[in-house]
Amino acid sequence: MTNDRFLSRRSVIQALGAGALLAAFGCSPATPPQKTALVRAYSRKPWAAPRISMDAVIRVIVGHRPYRANGFRVEHELYDDKVVIHNYGHGGGGLSLGWGSSALAAHEVAGRVPGEAAVVGSGIMGLCTARLLQDAGWSVTIYTRDVYRHTTSNVAAGEWGPFSTHDASKVDAAFLARLDWAARVSHHAYTNLTGSKYGIRWMETYDLYDAPPGEPVYGSFEDLFTYKGDLAPGEHPFGNRHARRMVTMQIDPGTLLRQITADFQLAGGRFVIRNFADRADVLSLRENVIFNCTGLGAAVLFDDPDLVPVKGQLVFLPPDPAIDYMTFGGGSGGQHGFLHMFPRRDVLVLGGTFKPGDDSRNVEAGETERIVQEHRKLFESFG
């Protein structure tokens, strides 16, 4: 719903023109002048608040981020005549790092003559790895328990921002350099895929704070975010909060995964539905080159105690075409401050759950209520 308190640029011009005409005939406007619209740095649309209510909820889902405090794992291991290349553990940055981390993984076999390769897992890492291998001349089979629609990647909200990937106190400069490289490769790849076909579009993002946010922390890839700026209360419609603005890419995971799957099959790739109980099961594959892109499954399959689940819960509402910006934060504090709103073309996504170590798959009714009501409060200041 468009906020009547803020005028579009065109309305302001029209209002000024009417006032000048009345002044020319010695008249005064019958109503006081209206306030000028708050200027948006990127979008040309007027500000609008999303339509949010419990009655509008159409679906609630739970997903688990595969998090390693010491950073994602991309390396190879030798098992007799087989080589296993690991590519997992990206926390909340999986979609963002898909192409770059998979390029690191593919580089692990750069010196080999292309032949047959197995990719275990059909989430974003498995699909990107498979496509890059195909481009390098490999014949690829993806072995997976679940098709892409049922993977963790498809539960992601979807924004290009390789954050919440590690604990800063537990990584070294070498890892940060790999993260920077992977982020830049992925960013470049996604900019080549923008448009409705892959579900990627540029969009304003607002991080919301109760106090001035201090120095920006974007990582070494700060230059990849555009239209950056800090806004004080009164410079945006989010009430008394402080806002940090940037423009980045929104990613619709369902559209992206579906199209990469189609690209993989068009290039001759095939899927085999198979569940793996342990490492021996994986090593029984006929291919000698195996890419482990199993996400949280790697904790059991390859005995990784550093890999933990972080539970998230997403609430879906019907799409709202008037909304063309994303928000993070703005809740009532603590864990309740962890909110995010993504206006995808198919749905309006609300999130706000971040529970490390929680591997439960049940939807929590109390969390759904909180996410919806906290977001309603966030946009009350729009009027």
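Me: A polar contact is a pair of N or O atoms within 3.5 Å, one of which must be able to donate a hydrogen and the other to accept it. At what distance does such a contact join the side chains of H86 and E77?

Reply: Please bear in mind that this is a predicted model. In it, the side chains of H86 and E77 are joined by a polar contact of 2.8 Å. The side chain of H86 also has a polar contact of 2.9 Å with that of N292.

Me: Is H86 buried or exposed?

Reply: A residue is called buried when its relative accessible area is under 20%. H86 has a relative accessibility of 0%, and therefore counts as buried. Its place is in strand β3, which covers residues 82-88.

Me: Which residues does H86 touch, not counting those up to four places away in sequence?

Reply: Contact means heavy atoms within 4.5 Å. By that criterion, H86 touches R73, V74, E75, E77, N292 and F302. As for E108, 22 residues from H86 along the chain, the C-alpha atoms of the two are separated by 9.7 Å.

Me: How is one to read the nonpolar cores? Which residues touch the most other members of the largest one?

Reply: A core of this kind is a set of buried nonpolar residues joined through side-chain atoms. The largest has 47 residues, and those touching the most other members are I124, L133, W160, Y190, L256 and F291. L133 contacts A106, V109, A117, V119, W138, V140 and F291, leaving aside neighbours within four places in sequence. Another core, of 22 residues, lies apart from the largest one, and includes A48, F238, L348 and I371.

Me: What span should helix α5 have, and how far apart are its end C-alpha atoms?

Reply: The expected span is 1.5 Å times one less than the number of residues. For α5, residues 253-266, this comes to 20 Å; the end C-alpha atoms are 20 Å apart, which agrees. At the start of the helix, a side-chain oxygen of D252 comes within 3.2 Å of the backbone nitrogen of G254. Just after α5, G268 adopts a positive phi of about 100°.

Me: What does the secondary structure of the whole protein come to?

Reply: The protein has eight helices and 15 strands. Of its 383 residues, 51% count as buried.

Notes: Residues numbered from 1 in each chain as written. Predicted model: local features only at pLDDT ≥ 70, side-chain atom pairs only at ≥ 80, totals over all residues. Heavy atoms only, no water. Helix = DSSP H or I, 4+ residues; strand = E, 2+ residues; numbered from the N terminus. Buried < 20%, exposed > 50% of the residue type's maximum accessible area, 1.4 Å probe, protein only. Core = buried A, V, L, I, M, F, W, Y, C linked by side-chain atoms within 4.5 Å.
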